[in-house]
Structure formats: structure tokens, C-alpha cells
Amino acid sequence: MNREKVIVIDFGGQYNQLIARRVRECNVYCEIHPHTISLDKIKKINPKGIIFTGGPNSAYQEDSPSCDKGIYDLGIPILGICYGAQLMTHMLGGVVGKAPVSEYGKTDLHVDQSSDLFRNVSTPTTCWMSHTDYIETVADGFKVIAHTADCPVAAAENIEKKLYFMQFHPEVLHTTEGKTMLSNFVIGVCGCAGDWRMDSFVENAIKSIREKVGDGKVLCALSGGVDSSVAAVLLSKAVGKQLHCIFVDHGLLRKNEGDEVEEVFTKQYDLNFTRVNAQQRFYDKLAGVTEPEQKRKIIGEEFIRVFEEEAKKIGTVDFLVQGTIYPDIVESGIGNSAVIKSHHNVGGLPDYVDFKEIIEPLRDLFKDEVRRAGLELGIPEKLVFRQPFPGPGLGIRIIGEVNADKVKIVQEADHIFREEVANAGLDTSIGQYFAALTNMRSVGVMGDERTYDYAVVLRAVNTIDFMTAEFAELPWDLIGKVSSRIVNEVKHVNRVLYDCTGKPPATIEME
Ligand code: XMP
């Protein structure tokens with residue numbers, strides 16, 4: 001398909017995915033390629049524009065990442081960002097050196113408003129700087145179009161050759177008008193139409209799935225999470241009853257979740273849907289097991305076994321659907337399409353299931369785009385905006401041994417917590433929040449009776465990437481209300497704790 005595209009060339013910067021996202025926010029399709037991409041491949045892709053990312057190296061060092069010099073003669077507009085700016089300068093004969101003052105953080109930027117790059121940008125404006133090298137002298141043909149107090153060349157352009165660069169990072173939100181600048185490049189300079197929309201994605205995806213699948217049989221493991229749900233619905237819209245979805249209920253889902261998933265997929269869409277109620281099988285396997293990694297392993301393996309048994313009943317299929325999304329691919333090495341995300345990260349692919357090919361209909365999308373596609377496909381908001389939920393489910397939110405009674409306690413407590421967070425209007429602003437069971441029992445008093453019951457812990461965190469997180473400062477009255485509802489409404493709980501540890505040193509989940 002020949003759609004309008006901008007490519008990002010990766011020199012190892014930390015914001016590379018962000019650049020691609022920002023371009024897509026201009027409704028222009030964008031993908032990331034390694035800096036080793038050949039000129040031929042670029043010509044084949046035929047992008048409307050190219051963006052060089054930042055990176056940790058010094059452009060003037062011999063072994064630093066570089067690219068084919070022919071790229072500058074393709075006539076395709078190029079925007080270099082940070083390291084990309086320095087590399088472009090260095091390769092074209094300008095001078096890059098160690099900056100007398102390295103800049104880090106928000107900085108006042110003075111721009112030449114007559115440049116196409118800075119149309120509708122104010123001056124001074126705030127930009128985000130992060131560099132120790134700087135551009136001492138621009139290459140021939142370049143005109144400086146922005147500076148800061150410590151950076152004489154903060155942006156420059158060579159209009160004739162359609163080459164542009166910025167020393168700062170327009171892709172991070174701290175550059176307050178960075179979005180306008182990127183849009184000026186992508187739409188203004190590159191001449192993109194900006195017509196990449198979710199409805200066209202959905203339409204095209206359905207068309208190409210149909211072509212690929214023909215009258216073949218397709219199998220999908222549904223976890224009820226966003227990615228696998230959107231993938232399944234896309235497939236069902238494309239090939240209807242040729243799709244078989246298997247939903248394994250491992251008894252470690254949140255309250256009512258299994259029924260909600262079943263309801264959506266049996267009432268709303270036309271596909272073959274099998275729910276396997278394997279709760280007891282999982283509880284039996286988990287009986288007496290307390291070690292977290294062992295629990296995870298058991299849940300993962302059992303999931304695969306149940307899935308395999310069901311798949312066997314369906315027989316040979318032609319395709320297996322995976323809900324792989326773009327960050328999975330980028331994080332596991334660009335272009336390394338062999339890396340496969342397991343259906344919900346619990347244990348890898350079933351080795352026996354007989355299929356010819358994998359279909360990954362979401363492999364070009366970021367998470368928020370998957371959500372938009374989901375809405376476009378009519379999947380209920382509740383499912384589309386579901387919080388991250390680990391594959392092993394409540395199994396890792398119950399410290400120590402798991403059994404049906406404990407699952408019930410944590411389901412009820414978690415349900416109350418989520419209900420009250422939503423009532424307080426905070427459900428879309430907290431990163432992730434849930435209740436967990438500490439496995440600790442303590443003495444309490446209820447009515448005139450002594451109790452010896454469990455303590456439930458509430459966990460709420462804010463995070464950007466889930467690699468680090470801060471505990472969320474929920475209002476005390478909210479915590480108080482949740483606490484009193486839980487001890488009153490959930491049997492066998494007499495104490496509620498609030499987890500105020502970040503990650504690190506804790507993790508988000510309990511196990
Ligand atoms: P931790 O506990 O490692 O969690 O700080 C980070 C994020 O990952 C989620 N998580 C998982 N997701 N399978 C998943 O799909 C898993 O096994 C798993 N373990 C943790 C967790 O909910 C949080 O968002």
C-alpha cells in the first residue's frame with residue numbers, strides 16, 4: 001500500500017518513539033528505521049520526509065553511528081534533531097565540538113519567525129535542551145534560524161537542499177511549541193496531506209486481512225486485554241466465522257471480567273468464541289505454592305496447556321493472531337519481526353498449535369492508536385480503556401498461596417476501590433491502581449467481637465513507562481471511604497493499608 005509516510009532514522013536517542021508519535025499526531029504515518037538502513041530501501045519506501053533522532057554519541061568520533069551520505073541528495077526533506085543535527089552538520093562539512101557550556105533542561109529559544117519551521121511559533125519560546133556537544137559552525141548553505149544564550153546554533157536550514165535541524169528536542173512536551181514545529185516540518189516543509197486516520201487504518205487493515213486469509217482458518221487467544229481484543233475484532237470484521245477465539249478464564253480475573261469479555265464477544269461480534277472455565281484447574285495447580293516466580297510459571301504453563309487442548313478440538317488452522325503492537329517491535333529490536341509477544345505475556349507461544357503463519361494486525365500501532373482503533377470498531381470504552389492487567393492476573397496480587405476464597409476477597413476489594421476512584425473522577429488520571437491481598441492477618445474488633453482477619457493493601461501509582469513509578473497521592477477522604485467500605489462489605493478483611501512506596505524500590509505489582 002502506498003501511503004504517505006515520514007521515516008525516523010534511529011541514532012540511539014531516548015525519545016525516538018516519541019518523535020514517531022508526534023508525527024502521527026499530525027495524522028501522518030511514521031515509522032522508525034535503524035541508521036544502517038540502505039539508500040535503496042529508503043528510495044523504495046519513498047518517504048515524504050526523514051527525521052534523524054538524537055543519540056548519546058559525538059558526531060565527530062569515528063565509530064559513531066552515521067548514515068549513507070547519499071541521503072542528503074535524495075531531494076527528500078530531512079530534519080535532524082540533537083545528535084541528528086550534529087551528524088548532519090559534521091557530514092556536510094560544518095564543525096561540531098564540545099560545548100563550552102552544556103545545556104540541560106528548559107531554555108529560552110529565540111527563533112526566526114520567517115522560517116517555515118517556526119511559522120506560528122512565538123519568540124522567545126521554551127525548548128528542551130540536552131547536549132554536551134554543540135555546532136560551532138554550520139555547513140555551507142545553512143542559515144542559522146534559532147539560538148539560545150549558550151547555544152549560538154540552536155536551529156538552521158538549507159532551504160535549497162531541504163535540510164533542517166534543531167539542537168533541542170521538539171518532540172518532548174517541555175518544548176512548548178514543539179508540536180507546531182514538527183507539524184511545520186511534516187505538513188509545511190514535506191507537504192504531507194495529513195490524512196492518516198484510524199478509520200482508514202481500520203478499513204485498510206480489514207481489506208488486507210481479507211486478502212491474506214482468503215478462506216483460511218484463523219485462531220486467536222483472547223485475554224480480554226486491549227490488544228488481543230482489538231486484534232480479534234479486526235479479524236472478525238474481516239473474516240467473520242473463519243475466526244476462532246479461545247478465551248481462557250483462569251479464575252484470576254477481576255470481578256465480573258470474564259462475563260464482560262464473553263458478553264462483548266458473543267453478543268456484539270460474529271465469530272466463533274469459546275470460553276474455557278478453567279478456574280478450578282488453576283486453583284488446583286496453585287494449591288500450596290507460595291513462591292512468586294513459581295506461581296507465575298504455573299499460571300503461564302497452565303494457560304498454554306488449556307489453550308492447546310481447546311485448539312486441538314478446532315484442528316489445523318492457517319493463521320494464529322497475535323496482538324503485537326509497535327512498541328513491542330521497537331523495544332525488541334527494529335525490524336526483528338521474528339520476536340513474538342506471547343498472548344498475554346504469561347508464557348510464550350503454544351508449541352504444538354498447528355498453524356502456517358502469524359498475523360499481527362496491530363504491529364504498526366502505538367497503544368493509544370490501538371485504543372482509537374478499538375473505539376472505531378465499536379468495542380465498549382470499558383474494555384478499550386482498561387488499565388494494564390498482568391497476564392498472571394490476581395495470582396500475583398495475592399501474596400503467598402492462592403485459593404478461591406482469597407481471589408474472591410481481592411476481587412471484591414478491588415471492585416470497591418475502582419468504583420470509588422471512578423466516583424471521585426480520578427479513574428482516568430491515575431496510571432494504575434488496584435487492591436491486593438497481603439496474606440497477613442491481624443487482630444481487630446467488629447461490633448463487640450474480636451476478629452482475626454486479612455489486611456488488604458491499596459496500590460495506586462503514576463508512571464510514564466511502567467519502568468519507574470511514584471505512588472499516587474490519593475485524597476485522604478477517598479482512601480478513608482474505600483477503607484470503610486472494604487471492611488464493611490468484604491468478609492474476612494479487618495484492615496486496609498495504603499502502599500506508599502515507589503518503583504524502585506518496590507515494583508508495581510506485589511509479586
Ligand atoms: P512491575 O510489577 O514489574 O509491573 O513493576 C510493571 C507493569 O507491568 C505489568 N505486569 C505484567 N504485565 N504480564 C503482563 O502482561 C506480566 O506477567 C506482568 N507483570 C507485571 C504491571 O501490571 C505493571 O503495569
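Select C151 to begin: at 0% relative accessibility, this cysteine counts as buried, where buried means under 20% relative accessible area, exposed over 50% and partly exposed in between, with a 1.4 Å probe and protein chains only. The model is predicted, so local features need pLDDT of at least 70 and side-chain atom pairs count only at pLDDT 80 or more, while totals for chains, interfaces and linings use all residues. Residues are numbered from 1 along each chain as its sequence is written, and side-chain values use heavy atoms, with hydrogens and water left out.

Next, display C127 together with C151. The closest cysteine sulfur to that of C151 belongs to C127, 8.1 Å away, which is too far for a bond. A disulfide is a pair of cysteine sulfur atoms within 2.5 Å, and a search of the whole structure finds 0 of them. Then select C500, which counts as partly exposed at 48% relative accessibility.

Centre the view on L474: leaving aside residues up to four places away in sequence, L474 touches F417, I430, A460, I479 and Y498, a contact being heavy atoms within 4.5 Å.

Finally, select the ligand. Which residues are the closest of those that surround the ligand? They are R296, Q432, K503, I508 and E509, out of 13 residues, with a residue counted as near if one of its heavy atoms lies within 4 Å. Polar contacts are pairs of N or O atoms within 3.5 Å. A polar side-chain atom of R296 lies 2.6 Å from an oxygen atom of the ligand, and one of Q432 lies 2.7 Å from an oxygen atom of the ligand. At G391, a backbone N or O atom lies 3.2 Å from a ligand nitrogen atom.

How values were computed:
Polar contact = N/O pair within 3.5 Å; in protein donor to acceptor, adjacent residues only side chain to side chain.
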